[in-house]
Amino acid sequence: MLTVIVATHGPLAKALLTSARMIWGDLPRTHCVTLEEHGGITAFQQTLADVLTEAVCHSSGVLVLCDLLSGTPCNLACRFAMTPGHPAPVAVVAGVNLPMLLMSAELLEEPDVHQVARHLIAQARDTITGFRPAAPHPEIF
Amino acid sequence: MALSFVRIDDRVIHGQLVTRWAKELPCDGIVAIDDEVAADPLLASVMKGAIQDIPVWLFTVAQAIEKLPKVIASRKHYFVIGKSPVTLRQLAEAGIDLHNRYQRINVGPMSARAGSITIGPNQSVTAAERDAFDFLAACGYAIEFRLVPDAGCFSWQDAQKKVKPSA
């Protein structure tokens, strides 16, 4: 089974999980790590390393969903992911949003975390869209 | 049996949740039933637009009673979504057979309102809804509260213990 970790600047990750649970119910194997203004980067780095280390030891792969490409949470997650020797692979995705987090809940049993990351990016991209009225369909009933 | 899934959801059409169920069960179209939404063409259009690749019909209860027999007689597989258990009770009382391939009536979100009792995450019932669930259960329908296919669930029998605590 995969583990999902949402890592963000400030309270976003925690709030995303709260919002996602309101819609989806429980999200098993999903955790959050937040970079707090007061705690600073050092504390965040330690917490993220702890959560990631725990996750790689108890998962077939770890998916880290970060808020911002090249932000600190993303950079530190990528650094961890690229460090050799973990017992399970780590894939990092930037640009997490609520639809993406909900979709990740369906993919925990997939075998390849990197494939899951690609799939999730493609699916989540489709959820960023303007409203279009539905095409008229025949009134068959 | 042309109904593949029967659900109660107070959001009626709830994009990503409905499409999640449609991955689990065959779905050639969705018949959504609520007097209020069906009477509001703008809201109806917004809800239909939320699901682009599956046809959606929005009916009042009266329209549904007239049209569901044709839906059920069809060879295709349809989802029926009612806004509340009261909606489904009205259908059952009018003789509509709600048996479906999923073999249960599934219940999704039911928001907290004045006078409602919370029985699960994002699931609250009023007195009228309790009566409606009792009626549907007495008709022999299994009723499960489950937001999405992989989520945990409980039955109306489990929920009854919360709404009618034994003294």
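1. Two residues are counted as in contact when their C-beta atoms, placed from the backbone, lie within 7 Å. By this criterion, 14 residues of chain A are in contact with 19 residues of chain B. On the chain A side, α1 (12-24) and α4 (98-104) each supply at least two of the residues that touch chain B; helices (H or I, at least four residues) and strands (E, at least two) are DSSP runs, numbered from the N terminus. The residues on this side of chain A divide into nine nonpolar, two polar and three charged, where Ala, Val, Leu, Ile, Met, Phe, Trp, Tyr, Cys and Pro count as nonpolar, Asp, Glu, Lys and Arg as charged, and the others, Gly among them, as polar.

2. The model is predicted: local features need pLDDT of at least 70, side-chain atom pairs count only at pLDDT 80 or more, and totals for chains, interfaces and linings use all residues. Residues are numbered from 1 along each chain as its sequence is written, and chains are lettered from A and ligands numbered from 1 in the order in which they are written.

3. On confidence, the model scores ipTM 0.81 and pTM 0.88. Chain B has a mean pLDDT (the predictor's confidence in each residue, from 0 to 100) of 93, and 98% of its residues reach 70 or more.

4. Chain B contains seven helices and nine strands. Its radius of gyration is 15 Å, close to the 15 Å that the globule rule gives for 167 residues, so chain B is as compact as a globular protein of that length; the radius is taken over C-alpha atoms, and the rule is 2.2 Å times the number of residues to the power 0.38. Along the principal axes, the C-alpha atoms of chain B fill a box of roughly 50 × 30 × 30 Å.

5. Of the contacts in chain B between residues at least 6 apart in sequence, 70% join residues at least 24 apart. Buried residues account for 40% of the 167 residues in chain B. A residue is buried if 20 or more other C-beta atoms lie within 10 Å of its own, exposed if 12 or fewer, and partly exposed in between.

6. Beyond its neighbours within four places in sequence, Ala32(B) is in contact with Val12(B), Ile13(B), Val56(B), Trp57(B), Leu58(B) and Ile81(B).
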